[in-house]
Amino acid sequence: MPKNSKVVKRELDDEVIESVKDLLSNEDSADDAFKKSELIVDVQEEKDTDVEEGSEVEDERPAWNNKLQYILAQVGFSVGLGNVWRFPYLCQKNGGGAYLLPYLILLLVIGIPLFFLELAVGQRIRRGSIGVWNYISPKLGGIGFASCVVCFFVALYYNVIIGWSLFYFSQSFQQPLPWDQCPLGKNASHTFVEPECEKSSATTYYWYREALNISSSISASGGLNWKMTVCLLVAWVVVCLAMIKGIQSSGKEAMPESYH
């Protein structure tokens, strides 16, 4: 082979090697740039997702101001008139200790664990009763709906009791109290004590005839008791004002509610 041909071949080989090096270096730089851009996009997407999720959670479910407010709200929800007033009556009516023993067993085995589970999961996912049980299992969603229905019925008769309390409170600014003595009736010849009140008592008569103003029989509907209607409306307005802003207002009411 001529000498010149070897020189030409060497030059061609050098050019090929250099071109390959240039190509590889370009590919490496392109790969690095692509990886960096991909990393930036992924980080940006994660940040956007976190911001969106955080904003949805914050807008949808506000948080409690502090732990004490949350604890007092739960105590106010758990302890009410039924614990102080209704439960001792039911316990005495259904056998006393014979009723209390299975009640305590079911309370420790079922009641407290389910209540704690609902509170713990609800605080974790920041959802209400329905959302908690649907999160645990869609088949258990009925427990959340049943809980809301029970709370609705409890609110119905609790507000009636609050309406009665408001009525008695408004009537207590009198001397003597209107339920202190039996009312007097008059006829053409003399004055007499109301026979129905004399047979029962002054407080019982006032409760049935003045406060409730019940009719003489179940078949008679009677008229509208406007005094009790106004008191019941005031009770519902007070409850709505306490709950209208969610936990921002109900948390502030937790302290007095916990002593009911």
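In the predicted model, tyrosine 99 is partly exposed, because its relative accessibility of 24% lies between the 20% and 50% limits of that class. Phenylalanine 87 likewise counts as partly exposed, at 24% relative accessibility. These two residues form an aromatic pair of the tilted kind, with 6.3 Å from centre to centre and 45° between the planes. Phenylalanine 87 belongs to helix 3 (residues 81-93) and tyrosine 99 to helix 4 (residues 97-125), so the pair ties together parts that are twelve residues apart in sequence.

The overall architecture can be described next. The protein contains eleven helices and two strands, and their order along the sequence follows the pattern α-α-α-α-α-α-β-β-α-α-α-α-α. Of the 260 residues in the protein, 15% are buried. When contacts between residues at least 6 apart in sequence are considered, 48% join residues at least 24 apart.

Confidence in the prediction averages a pLDDT of 74 for the protein, and 69% of the residues score at least 70. Over residues 33-48 the pLDDT is below 50, and this stretch has zero contacts in the model beyond near neighbours in sequence. Residues 50-59 also have a pLDDT below 50, with one contact in the model beyond near neighbours in sequence. Where pLDDT is low, the predicted coordinates should not be read in detail.

Aromatic pairs number 14 in the structure. One of them joins phenylalanine 167 and tyrosine 168 in an edge-to-face arrangement, with 5.9 Å from centre to centre and 90° between the planes. Phenylalanine 167 has a relative accessible area of 3% and is therefore buried, the limit for that class being under 20%. Tyrosine 168, in contrast, is partly exposed at 23% relative accessibility. Both residues belong to a cluster linked by ring pairs, which joins Trp164, Phe167, Tyr168, Trp179, Tyr206, Trp207 and Tyr208.

Asparagine 159 is located in helix 6, which spans residues 141-171. With a relative accessibility of 3%, asparagine 159 counts as buried. Its side chain reaches the backbone oxygen of alanine 155 at 2.7 Å. Apart from neighbours within four places in sequence, asparagine 159 is in contact with Leu232, Ala235, Trp236 and Val239.

The structure holds one salt bridge. This interaction is formed by arginine 209 and glutamate 196, whose closest N and O atoms are 3.0 Å apart.

Several backbone features occur in loops. The peptide bond leading from glutamine 175 to proline 176 is cis, with omega near 0°. Proline 176 is placed in the loop between helix 6 and strand 1, the latter comprising residues 184-186. A positive phi, near 55°, is found at arginine 126, a residue other than glycine. Arginine 126 lies in the loop between helix 4 and helix 5 and is partly exposed, with a relative accessible area of 28%. Asparagine 213, also a residue other than glycine, has a positive phi near 50°. The position of asparagine 213 is in the loop between helix 8 and helix 9, the latter covering residues 226-243. With a relative accessible area of 48%, asparagine 213 is partly exposed.

The loop between helix 4 and helix 5 (129-136) also contains arginine 127. The relative accessible area of arginine 127 is 32%, and the residue is partly exposed. A polar atom of the arginine 127 side chain lies 3.4 Å from the backbone oxygen of isoleucine 125.

Conventions:
Residues numbered from 1 in each chain as written. Predicted model: local features only at pLDDT ≥ 70, side-chain atom pairs only at ≥ 80, totals over all residues. Heavy atoms only, no water. pLDDT = per-residue confidence, 0-100. Contact = heavy atoms within 4.5 Å. Phe/Tyr/Trp six-rings, centres within 6.5 Å; stacked < 30°, edge-to-face > 60°. Helix = DSSP H or I, 4+ residues; strand = E, 2+ residues; numbered from the N terminus. Buried < 20%, exposed > 50% of the residue type's maximum accessible area, 1.4 Å probe, protein only. Polar contact = N/O pair within 3.5 Å; in protein donor to acceptor, adjacent residues only side chain to side chain. Salt bridge = Lys/Arg side-chain N within 4 Å of Asp/Glu carboxyl O.
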